Amino acid sequence: MRIAVLGGDGFVGWPTSLHLSNLGHEVHIVDNLSRRWIDTELGVQSLTPMDSIQERCRIWHQETGNRIQFHLLNLATEYDRLKGWLLDVKPDAVIHFAEQRAAPYSMKTDRHKVYTVNNNVNATHNLLAALVETGIDAHLIHLGTMGVYGYSSVGAPIPEGYLDVEIDTPTGKKGQQILYPTKPGSVYHMTKSLDQILFQFYAQNDGLRITDLHQGIVWGTHTDQTRRHEQLINRFDYDGDYGTVLNRFLIQAAIGYPLTVHGTGGQTRAFIHVQDSVRCVELALGDAPKAGERVKIFNQMTETHRVRDLAELVAKLTGAKVANLPNPRKEAPENDLIVNNEQFLSLGLKPITLAEGLLAEVVDVAKKYAHRIDRSRVPAVSAWTKDIARVVEHDPEGKRLRSVS
Ligand SMILES: NC(=O)c1ccc[n+]([C@@H]2O[C@H](COP(=O)([O-])OP(=O)(O)OC[C@H]3O[C@@H](n4cnc5c(N)ncnc54)[C@H](O)[C@@H]3O)[C@@H](O)[C@H]2O)c1
């Protein structure tokens with residue numbers, strides 16, 4: 001298949017591109033490299049040393065003989081170029097990772113909120129409109145998030161996209177299936193909820209074939225393909241805005257930084273290893289909906305964990321200390337989470353569990369590159385409201401106090 005990977009320079013897009021290229025597909029990456037620019041804005045860098053996307057593609061060709069093409073294009077602002085590009089390449093499938101994906105970044109300031117909404121919603125809508133206009137019948141796979149549902153404790157499993165409801169009508173109760181209600185907890189998650197409505201409309205109105213993958217938090221760094229050469233290494237974000245909870249615990253342990261648990265750590269979250277994430281995209285590619293069918297929605301996660309349990313696990317493995325800090329997010333202090341993920345399991349996914357992969361990550365990645373960590377960028381200080389901003393902990397190590405005394 002000819003596959004376009006939008007956002008293919010990113011944390012999940014890059015290993016997915018390699019995985020699909022390795023399976024023999026013709027892969028075209030589209031990316032505006034905004035994520036690299038945001039690193040510059042925030043004054044941080046990936047824990048792992050990343051080469052330019054052009055160099056990464058060159059090394060992949062050298063190692064495998066397969067070519068991955070790179071196209072520099074902003075999906076959100078360059079509509080006409082996007083249309084022209086689609087007509088040139090005519091992909092059979094489009095995998096859409098190209099959005100601003102950090103909840104804390106989306107909540108930093110009003111400017112970051114506006115950027116996240118403009119970037120994410122326009123990128124998705126431009127793509128949908130361009131697919132209709134060009135008549136390209138590509139299967140569109142989008143990376144959404146489990147986070148769209150918020151984290152209340154209903155006590156029932158979150159189904160894969162749709163909920164059976166009964167509505168009272170004058171002639172009695174009528175059954176209907178509706179999109180499972182979203183309750184986004186950040187501007188970033190709100191954009192993913194809006195994406196769902198765009199997909200519903202374009203599938204029903206224009207017969208676009210769309211799969212929406214509601215992904216859990218991705219952890220880990222390596223996949224079989226990124227391991228093939230040092231310069232194919234994946235990015236690894238550890239900073240307070242882009243670092244995801246488990247990856248942050250791993251680097252904190254590696255540099256003797258306290259494991260920063262927000263609140264009681266009673267938040268339960270869904271997780272998936274990056275190797276399973278790329279495999280899920282492969283499985284979804286082979287299971288496309290037909291034109292006229294509703295959007296196919298998968299819960300792309302393999303296990304759920306409470307944050308304090310994760311911290312304890314990492315502390316036990318490494319001897320790190322745990323620090324409970326005020327939570328910069330506005331969210332329930334404790335929640336349960338039960339998720340139905342039958343569809344991927346029935347397609348043959350064999351999940352990598354946290355217990356199997358964790359120690360290798362600490363040793364092979366976090367410790368190996370620990371010298372590249374800027375400790376001042378580790379705390380998560382982006383607050384959800386002005387009131388919360390007043391109590392956010394900027395100095396979990398207590399360094400400032402020590403220098404005063
Ligand atoms: N990483 C996770 O834990 C996780 C969890 C759930 C869902 N997701 C979703 O998966 C997708 C990929 O996540 P990631 O962690 O790889 O993020 P990432 O930020 O590493 O990658 C996103 C890529 O998209 C590019 N991009 C952003 N806006 C663009 C635009 N307008 N035009 C062209 N390129 C653009 C960026 O430059 C970047 O390379 C995101 O949509 C994210 O919401 C990620």
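User: How do E11 and E13 pair, and over how many bridges?
Analyst: Strand E11 (residues 268-273) and E13 pair in the antiparallel sense, over four bridges. Strands (E, at least two residues) and helices (H or I, at least four) are DSSP runs numbered from the N terminus, and two strands pair if DSSP finds at least two bridges between them. This is a predicted model: local features need pLDDT of at least 70, side-chain atom pairs count only at pLDDT 80 or more, and totals for chains, interfaces and linings use all residues. Residues are numbered from 1 along each chain as its sequence is written.

User: Which residue in E13 is the bridge partner of Ala270?
Analyst: Thr304.

User: What's the strand order in the sheet?
Analyst: E9-E11-E13, an open sheet with mixed pairing. Strand E9 (217-219) and strand E13 (303-306) are at the edges with a single partner strand each, so one side of each has no neighbour in the sheet.

User: Switching to H12. Where does it bend?
Analyst: Helix H12 (residues 354-367) bends by about 40° at Glu361. The bend is the angle between axes fitted to the seven residues ending at a residue and the seven starting there.

User: Which of its residues are buried?
Analyst: In H12, Leu358, Glu361, Val362, Val365 and Ala366. Buried means 20 or more other C-beta atoms within 10 Å of the residue's own, exposed 12 or fewer, partly exposed in between, with C-beta atoms placed from the backbone.

User: And what covers them?
Analyst: The cover includes helix H8 (245-254) and helix H10 (307-318), where contact means C-beta atoms, placed from the backbone, within 7 Å.

Methods:
Contact = placed C-beta atoms within 7 Å.
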